[in-house]
Amino acid sequence: YLGPKLLVNIVGFGGEMEQITLDSLEPYMKLKNAAEEDNVQLSINSAFRTFQRQAQLRRLFEAGHGNRAALPGHSNHQHGQAFDLNTRHNAFDGSDKIYEWLKANAPKHGFVRTVSDESWHWEYRPVEAAELAAAGLFKIAGVEDHA
């Protein structure tokens, strides 16, 4: 438990309402605005999740009806650090304009990939992102793509 978080509503992908933490709003908006300057339309599929929502997603995953989901209490979505963005899921072949833009630009804005085989999952980790950006990288060590 990381303490209370102030949440804000934000319109996500397809016009759906999503919630993000207030402290992640400014970094996300900077990332989104930078993408728009390059004609890339970035949006959120999923961001902050309650314990109950994470438990529901985990049950769906375990039943074979959804993407991989961490156990409740073990997801960075639950404290506002993780963002599932509107990439084409797992198109690692250079054909996804949004994913390619994120690879080249997200670390400069504090965001990094942290989950293998999930092109959509990015986390706001400014210290790690700065180190990765300096090395020309965009994902933390151990993250691999098999699709």
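In which sense do β3 and strand β4 pair, and over how many bridges? I worked on a predicted model. I found that β3 and β4 (residues 82–85) pair in the antiparallel sense, over 2 bridges.

Entry on the whole sheet. I traced 4 strands in an open sheet, with the order β3-β4-β6-β5 and antiparallel pairing. The edges are held by β3 (44–46) and β5 (111–113); each has a single partner strand, so one side of each lacks a neighbour in the sheet. I noted that neighbouring strands are turned against each other by 45° on average, direction ignored.

Entry on the helix. Helix α1 (residues 22–37) packs on this sheet and touches β3, β4, β5 and β6 (121–124). I recorded an angle of about 30° between the direction of α1 and that of β4.

Entry on the other pairings. I counted 3 bridges between β4 and β6, again in the antiparallel sense. In β6, D84 has H121 as its bridge partner. Strands β5 and β6 run antiparallel and are joined by 3 bridges. For R113, I read W122 in β6 as the bridge partner.

Entry on I140. I placed I140 in the segment after α4 (126–134). Which residues does I140 touch, leaving out those up to four places away in sequence? I listed V112, R113, T114, R125, E128 and L132. I also looked up V115: I140 and V115 are 25 residues apart in sequence, and their C-alpha atoms are 8.6 Å apart in space.

Definitions and conventions. Residues are numbered from 1 along each chain as its sequence is written. This is a predicted model: local features need pLDDT of at least 70, side-chain atom pairs count only at pLDDT 80 or more; totals for chains, interfaces and linings use all residues. Side-chain values use heavy atoms; hydrogens and water are left out. Contact means heavy atoms within 4.5 Å. Two strands pair if DSSP finds at least two bridges between them. Axes are lines fitted to C-alpha atoms, for helices over the stretch in contact, and angles run from 0 to 180 degrees between N-to-C directions.
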